[in-house]
Amino acid sequence: MPGGGELGVAGWQAALSGKPVVAIVSDYPQSGDKAATPFLSALSVEEFANRVITLLSDPTARRRLSEAGGKVAREKHSPEAMVERYMCLYAEVIEGQQD
């Protein structure tokens, strides 16, 4: 989805603001490199709670996640990037109507 994709607009806005994000998301590919992972994904309520507790108790993890999420958000989900994706989507729709 052009607006927000896996996290939705609110999740990416939080990342753009430098906040760590924990979400229940099943379709976001988790990197094997923990430093490059932009947010913590959880598949259950228990896992979600454990990840939140980790962020609350570990300032280093919180900072790393905030920085990584902000970097990915700025690169892929900035307002400019979203506008570009919408423009491409609109162009595809218009092309499809002309066929």
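In which kind of crossing, left-handed or right-handed, does H1 pass H3? The crossing of H1 past H3 is left-handed. Please keep in mind that this is a predicted model. The points below start with the whole protein and then turn to these two helices.

**The whole protein**

- You will find four helices and two strands here, and going along the sequence they come in the pattern α-β-β-α-α-α.
- The protein has 99 residues, and 31% of them count as buried.
- Its accessible surface amounts to about 6,500 Å², with 58% of that belonging to carbon and sulfur atoms.
- If you take the contacts between residues at least 6 apart in sequence, 51% of them join residues at least 24 apart.

**Helix H1 and its buried face**

- Helix H1 covers residues 8–16, and its buried residues are Gly11, Trp12 and Ala15.
- Looking down the axis of H1, you would see these buried residues fall within an arc of 90°, so they line one face of the helix.
- Helix H3, residues 59–76, is included in what covers the buried residues of H1.
- After H1 comes Gly18, which has a positive phi, near 80°.

**How H1 and H3 pack**

- Two packed helices are described by the angle between their axes and the distance between the axes.
- For H1 and H3, the packing angle is about 115° and the axes lie 7 Å apart.
- By class, the contact of H1 with H3 is made up of five nonpolar, two polar and one charged residues.
- On the H1 side, the residues that take part are Trp12, Ala15 and Leu16.
- On the H3 side, their partners are Gly69, Gly70, Val72, Ala73 and Arg74.

**A closer look at Trp12**

- Trp12 sits in helix H1, and it is among the residues there that meet H3.
- Is Trp12 buried or exposed? Its relative accessibility is 2%, and buried means under 20%, so Trp12 counts as buried.
- Trp12 and Ala73 are 61 residues apart in sequence, while their C-alpha atoms are 6.0 Å apart in space.

Terms used: Residues numbered from 1 in each chain as written. Predicted model: local features only at pLDDT ≥ 70, side-chain atom pairs only at ≥ 80, totals over all residues. Heavy atoms only, no water. Buried < 20%, exposed > 50% of the residue type's maximum accessible area, 1.4 Å probe, protein only. Arc of directions from axis to C-beta. Contact = heavy atoms within 4.5 Å. Axes fitted to C-alpha atoms, helices over the stretch in contact; angles between N-to-C directions. Left-handed = near helix turned anticlockwise from the far one by under 90°. Nonpolar A, V, L, I, M, F, W, Y, C, P; charged D, E, K, R; others polar. Areas by Shrake-Rupley, 256 points an atom, 1.4 Å probe, with all protein chains shown as cover.
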